[in-house]
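User: I would like to learn how to read a structure like this one, feature by feature. Could we begin with charged side chains?

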Amino acid sequence: MAVLPIVTLGHPVLRTKARPVEKVTKRVQKLIRDMAETMYQAKGVGLAAPQVNVAERVIVVDVGQGLVALVNPEIVKAEGAIRDVEGCLSIPGRSGYVTRAARVVAKGLDAEGRPIKVEAQGYFARAIQHEIDHLDGILFIDRLE
């Protein structure tokens, strides 16, 4: 595993819509492992592939309940609303209030390429939404209130 450099605000990849992953290969699995290592090293709770300069639809999240990796994630259900403070490893030193769905169901592929559905609420739901935004070139600062 390797710790990858995290790109910061101003890097064009952060504003690029990431391309879907055609197949979960050994390269994608290594990317997931490296992203997780990078996230843990940076003391973050989520990381999207564009944040490590890879314009592919891959995220990792761990809010203290264990690592969740999603390839080609999409939110298929969202309920409620909750406003809370967010920050981002790609925008160090900035934070602000963002309203997001309180509960989400996301689907995608796991690190082995199998279909997976993740039900999340609270902080976990917020982290998933934040990381999926990265895949569409959206940053939390775009949603500040």
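Analyst: A salt bridge here is a side-chain nitrogen of Lys or Arg within 4 Å of a carboxyl oxygen of Asp or Glu. By that rule the side chains of D110 and R114 meet in a salt bridge, with N to O at 3.0 Å. This is a predicted model, in which local features need pLDDT of at least 70 and side-chain atom pairs count only at pLDDT 80 or more, while totals for chains, interfaces and linings use all residues. Residues are numbered from 1 along each chain as its sequence is written, and side-chain values use heavy atoms, with hydrogens and water left out.

User: How many salt bridges does the structure hold, and which residue does E145 pair with?

Analyst: The structure holds 14 salt bridges. E145 pairs with R83, and their closest N and O atoms are 2.5 Å apart. Because E145 lies in the segment after α2 (122-135) and R83 in strand β4 (residues 82-87), the pair ties together parts that are 62 residues apart in sequence. Helices (H or I, at least four residues) and strands (E, at least two) are DSSP runs, numbered from the N terminus.

User: Is E145 buried or exposed?

Analyst: Buried means under 20% relative accessible area, exposed over 50%, and partly exposed in between, using a 1.4 Å probe and protein chains only. E145 is exposed at 53%, R83 is partly exposed at 47%, and D110, from the pair we began with, is buried at 13%.

User: What does R83 lie over?

Analyst: A charge sits over a ring if NZ of Lys or CZ of Arg is within 6 Å of the ring centre and within 35 degrees of the ring normal. R83 lies over the face of Y97, at 4.2 Å from the ring centre.

User: How should I read the helix α1?

Analyst: An α-helix has 3.6 residues a turn, so residues three or four places apart point the same way. In α1 the buried residues are V28, Q29, L31, I32, D34, M35, A36, T38 and M39. They pack against β1 (46-48), β2 (58-61) and β3 (68-79), where contact means heavy atoms within 4.5 Å. The helix α1 has 16 residues and reaches 22 Å from its first C-alpha to its last, close to the 22 Å expected at 1.5 Å a residue; the expected span is 1.5 Å times one less than the number of residues. After α1 comes K43, whose phi is positive, near 60 degrees.

User: And which strands does β6 pair with?

Analyst: Two strands pair if DSSP finds at least two bridges between them. Strand β6 (residues 103-109) runs antiparallel to β3, joined by 6 bridges, and E74 has K107 in β6 as its bridge partner. Strand β7 (residues 115-121) also runs antiparallel to β6, with 7 bridges, and V104 is partnered by A120 in β7. β6 and β7 form a hairpin with 5 residues between them, and G113 in the turn has a positive phi of about 90 degrees.
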